[in-house]
Each structure stands twice: as C-alpha cells, then as structure tokens.
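Please keep the sequence and the model in view while reading.

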Amino acid sequence: MAQKRVNLFLTYATVYAWAHYRLHAKLKVPRPQSALQDVEAVELKKNIIPAVLTFQKYFGKGKKLRYLCQDETRLGLKTLTGKLIAARGVKPVAPILWKRENFWLDGVVEPLSG
C-alpha cells in the first residue's frame, strides 16, 4: 500500500491540541543520553554488583570481602533539552551531543576503614 504525502502548514497550537486531546499525548522532557555513549561499558557497570554478590555467595565463604562504595560525576557543559510530544506512558530518550569537553570525576571509599 503506497503512502500519500500531504503538505500541511499548521500552527503549533493546532498540532498540540490534536495530539493532546485526540491522541492523549503529553509534552515531556526527554532523558538525555549521549550519542557517543559506550553501551558495552554501561552494561558492564550494571553487571558488576551482581557478580560480586554471586562471588561472595558461592566462593567467598569464610573469606574476607572488602566492600567499596563508588560515585562519579561529570563536570562540563550540559546541553539544554526541550520538551517533546510523546504518547502517554512513554519516557522519551533524546540523543545528545555535548558541545564542550567534559570529564568524569570518580571517587571510591571503603566504609569500614574510611
């Protein structure tokens, strides 16, 4: 089935009203996500804690386990994101390219010893 292309020139208010009242969509601020983000590195971080707990459960019986707490922050310019029209119940994600250099600052502490 071929799609028919129609050129319509509508005001923003018309598009907003149609999407909001007929499609029940809302304006939402998207969660920023870097277009240059390494997906494998993010998944590796998500899997570290369960791996440590699994190690302790099966192999660490009677052995000393050091518990470390870690936090990180990014210092630099954060790009402003506007609102998008999205369907109800959908959390939009917007690909962002940061405009300036930035860097990550990581910190690790062992609560028992400080």
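Helices (H or I, at least four residues) and strands (E, at least two) are DSSP runs, numbered from the N terminus. In helix α1, Tyr12 and Tyr16 lie 4 residues apart, about one turn of the helix. The model is predicted, so that local features need pLDDT of at least 70 and side-chain atom pairs count only at pLDDT 80 or more, whereas totals for chains, interfaces and linings use all residues. Residues are numbered from 1 along each chain as its sequence is written, and side-chain values use heavy atoms, with hydrogens and water left out.

The protein chain contains 2 helices and 6 strands, in the order α-β-β-α-β-β-β-β from the N terminus. Its accessible surface (Shrake-Rupley method, 1.4 Å probe; for residues, only the protein chains shown count as cover) comes to about 10800 Å², and 60% of that belongs to carbon and sulfur atoms. Of the 114 residues, 10% count as buried; buried means under 20% relative accessible area, exposed over 50%, and partly exposed in between (1.4 Å probe, protein chains only). Where contact means heavy atoms within 4.5 Å, residues 24 or more positions apart account for 84% of the contacts with a separation of 6 or more.

A search of the whole structure finds 1 aromatic pair. Tyr12 and Tyr16 form this stacked pair, at 6.3 Å centre to centre and 25 degrees between the planes. Rings of Phe, Tyr and Trp (its six-membered ring) pair if their centres lie within 6.5 Å; planes under 30 degrees apart count as stacked, over 60 as edge-to-face and the rest as tilted.

The table lists the accessibility of selected residues.

| Residue | Relative accessible area | Class |
|---|---|---|
| Tyr12 | 55% | exposed |
| Tyr16 | 28% | partly exposed |
| Val15 | 39% | partly exposed |
| His24 | 43% | partly exposed |

His24 is placed in the loop between α1 and β1 (25-28), and has a positive phi of about 55 degrees although it is not a glycine.

Strand β2 (residues 31-34) pairs with β5 in the parallel sense over 4 bridges; two strands pair if DSSP finds at least two bridges between them. Within this pairing, Arg31 stands opposite Val93 in β5. In a regular strand the side chains alternate between the two faces of the sheet.
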